[in-house]
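Dear colleague,

Please read them with the coordinates open beside you.

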Amino acid sequence: MNSIIKNLVWLLVAVVGAFYFGMLALNTGEEVSATWLVIASVCIYMIGYRFYSKYIAEKVFELDDNRATPAVINNDGKDFVPTNKVVLFGHHFAAIAGAGPLVGPILAAQMGYMPSMIWLLVGVVLAGAVHDFTVLFISMRRNGRSLGEIIKEEMGKATGTIAMVGILFIMLIIVAILAMVVVNALADSPWGLFTIAMTIPIAVFMGIYMRYLRPGRVGEASVIGFILLLAALYYGQALTDPAHPWHDVFLLKKTTLSLIIIGYGFIASILPVWLLLAPRDYLSTFLKIGVIVAMAAGILLVNPTLQMPKVTAFIDGTGPVFAGSIFPFLFITIACGAISGFHALISSGTTPKMVEKETHARPIGYGSMLMESLVGVMALIAACILEPGLYFTINSPLALLDPAAASALSADMNTIEQSVKAILQNGGFVLQPEMLTNGHFVTMIEETTKAVGEPTLVAKTGGAPTFAVGLTQILHEVAGGKESIAFWYHFAILFEALFILTAVDAGTRSGRFLIQDVLGNVYKPMANTQSVLWGVVASAICVAGWGYLLYQGAIDPQGGIFTLWPLFGASNQMLAGIALLLGTVVLFKMGKARYSWITILPAVWVLLTTLYAAIQKLLPANGERVHDAVSHVATAQNQTALKEKALGFITKLQEMGADASTMLEGKTLEEWQKVVSKADILIHNHTLDAILCAFFIFVTLVVIGATIRICYLTAIGKGEKFPLKEEPYQESKNFSIQAH
């Protein structure tokens with residue numbers, strides 16, 4: 001009887017999910033409720049977790065609670081600690097949830113809500129959650145070893161070494177783009193920057209409180225920290241007044257803020273974990289889970305309407321937010337909300353050293369990724385409930401909205417309005433009569449900017465401001481009314497920046513260990529992770545690497561996100577593909593080749609999309625708009641031609657003895673010099689991106705070749721050169737267990 005009731009419940013979940021998914025997919029122009037998207041998503045997550053993850057856990061991995069985990073065997077109270085699965089779920093989710101699920105779906109929203117929704121839901125159930133679960137399982141069976149170490153052991157030293165170097169560079173790009181999102185969100189925002197800056201002394205106080213004043217009182221310290229955080233958020237509003245003595249101190253440009261973030265990254269990476277990172281992780285974990293739950297509840301209460309259509313004309317690749325057609329660029333743009341290679345580093349980092357029982361890997365590995373996908377769905381909703389004109393104003397590069405503007409603060413609003421109208425018309429949007437009148441979009445943008453308490457929202461690329469505006473539109477109706485809009489906006493920015501900086505900190509520390517591992521092959525003492533000196537040196541190298549990419553993004557005329565995000569998405573997905581290939585090799589060695597389709601299918605799709613996208617980024621210019629916008633090589637070539645043309649005009653103007661007002665081809669001498677300066681930056685950035693892209697392709701092809709070889713040899717019984725490196729079976733009953 002109980003089984004019949006359970007089956008009926010799951011049948012009901014399936015029917016409800018299918019109904020709302022169908023309502024969204026088959027919509028022909030009627031109003032669409034964001035609530036439908038939330039309900040459809042939750043139903044699909046429930047079905048995926050209940051049936052697919054259960055199949056993998058029981059049939060494929062054969063998880064065994066009688067088998068001792070690394071945390072139980074090596075329980076040292078430091079790195080290896082058996083941890084309650086609920087606590088570890090929160091820790092793991094906090095570590096994997098960075099900027100990706102917030103930014104990717106917001107950028108992809110320019111193509112409409114439907115393409116992003118399908119990949120967020122289907123991708124996470126069949127690819128992303130499987131990826132995280134698989135890597136966690138593999139590392140757990142190998143004493144908690146890292147991804148690079150496991151590849152070296154299972155696929156050979158040469159393949160492993162090449163993969164580790166590739167992983168290191170991918171990590172640098174990931175951290176750089178995460179930091180870029182923070183910089184774009186906090187630039188020209190004294191309120192936002194002040195609040196985030198205050199998290200540092202608050203976290204230090206919490207660290208000292210938990211270590212010396214009230215040892216072990218994590219909950220108590222977290223409550224105090226949260227209250228102090230709200231106080232800082234409340235006081236930060238005072239800094240929006242230009243007369244405030246601290247207004248100019250916290251009103252910083254992107255370049256200045258980038259240098260501060262770089263300095264912060266280095267200091268944070270060498271300080272003791274208990275002093276800054278651990279207490280701020282507690283704060284960010286509470287905020288992450290709390291805000292996502294609050295937003296989901298707010299959507300159900302407010303029931304906002306999606307303003308973005310199901311599909312826009314920008315699926316052809318002509319959109320202003322990012323370049324590239326729906327295939328393959330939608331998939332690498334959404335990135336972490338569906339599948340993320342960055343998670344492989346976390347799932348083979350601290351998490352496998354803390355799993356108490358093997359069966360806990362299912363909710364922690366598979367379940368946490370479903371939660372991250374829900375974050376992506378929330379981000380998609382936040383973007384799609386905005387008026388499309390406002391969405392494109394925030395997310396389009398300044399160079400497109402107002403090419404003559406030196407900064408967003410000095411942009412001409414009438415020029416921006418005309419640009420926004422052109423964008424909407426190119427995207428196939430229907431402009432209502434009131435939208436065609438002069439001043440409609442200017443009024444909308446200025447009123448929204450004033451309401452959120454910011455100097456400007458123009459070209460606030462990177463996704464974070466868009467999410468904040470969308471979240472604010474929902475939460476101010478739940479609590480506070482219109483007077484609370486500015487508070488909720490900056491609360492959302494605080495949440496996102498903490499969300500992302502946690503991942504920057506984790507990425508920098510992981511990068512430090514990778515650098516020590518790689519360079520330790522050249523100079524053995526550097527491999528000693530206990531050495532303070534070499535730890536500082538490795539941290540400096542890591543921060544210098546991602547800091548350089550960050551600064552280049554900050555000075556990029558296209559806004560940094562436009563250039564870096566597609567490369568981030570491609571490299572991140574390549575790393576995920578590499579991890580899935582490793583999973584395939586391990587399944588073959590375990591005698592589970594018949595089940596290897598669970599990793600082969602997502603690996604093929606992920607690598608097909610990323611390699612196709614990466615190859616497009618290396619094609620030479622051919623004059624076709626989308627092709628040239630996508631390709632790093634083409635952009636560098638076109639900018640080189642533009643630079644040569646500009647230099648020719650500069651020479652002519654100088655020979656003419658032209659004054660400041662004399663024009664040639666519509667530009668003065670100073671304007672042509674600016675063209676040369678911008679071209680130099682773009683040539684440098686896109687050349688560097690092309691080199692990195694080519695290197696990542698090489699690394700991926702090496703791993704693909706090794707995977708095919710090892711799986712073939714194993715299948716025909718000649719894989720003795722590549723034995724399974726799984727740790728010997730030990731029964732958990734032989735060890736004392738006390739979960740923390």
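In this predicted model, helix α6 (residues 113-140) and helix α13 (residues 326-334) have axes that come within 10 Å and cross at roughly 60 degrees. Angles from 65 to 115 degrees would count as roughly perpendicular and those under 35 degrees as roughly parallel, and α6 and α13 are therefore oblique to each other. The crossing in which α6 passes α13 is right-handed. On the α6 side the contact is made by Pro115, Ser116, Trp119 and Leu120, which meet Ile326, Leu330, Phe331 and Ile334 of α13; sorted by class, this contact of α6 with α13 holds seven nonpolar residues, one polar residue and no charged ones.

Turning to α8 (residues 157-186), this helix packs against α22 (residues 485-519) at an angle of about 155 degrees, with the two axes 9 Å apart, which makes α8 roughly antiparallel to α22. The crossing of α8 and α22 is left-handed, and their contact comprises 21 nonpolar, four polar and one charged residues.

Helix α8 also meets α7 (residues 147-155), and here the axes come within 7 Å and cross at roughly 160 degrees, so that α7 and α8 are roughly antiparallel to each other. In this pair, α7 passes α8 in a right-handed crossing. From α7, Leu147, Gly148, Ile151, Lys152 and Met155 take part, and they meet α8 residues including Lys157, Thr159, Ala163 and Ile167. By class, the contact of α7 with α8 has six nonpolar, four polar and two charged residues.

Terms used
Residues are numbered from 1 along each chain as its sequence is written. This is a predicted model: local features need pLDDT of at least 70, side-chain atom pairs count only at pLDDT 80 or more; totals for chains, interfaces and linings use all residues. Side-chain values use heavy atoms; hydrogens and water are left out. Axes are lines fitted to C-alpha atoms, for helices over the stretch in contact, and angles run from 0 to 180 degrees between N-to-C directions. Helices (H or I, at least four residues) and strands (E, at least two) are DSSP runs, numbered from the N terminus. Angles under 35 degrees count as roughly parallel, over 145 as roughly antiparallel, 65 to 115 as roughly perpendicular and the rest as oblique. A crossing is left-handed if the near helix is turned anticlockwise from the far one by less than a right angle, and right-handed if clockwise. Contact means heavy atoms within 4.5 Å. Ala, Val, Leu, Ile, Met, Phe, Trp, Tyr, Cys and Pro count as nonpolar, Asp, Glu, Lys and Arg as charged, and the others, Gly among them, as polar.
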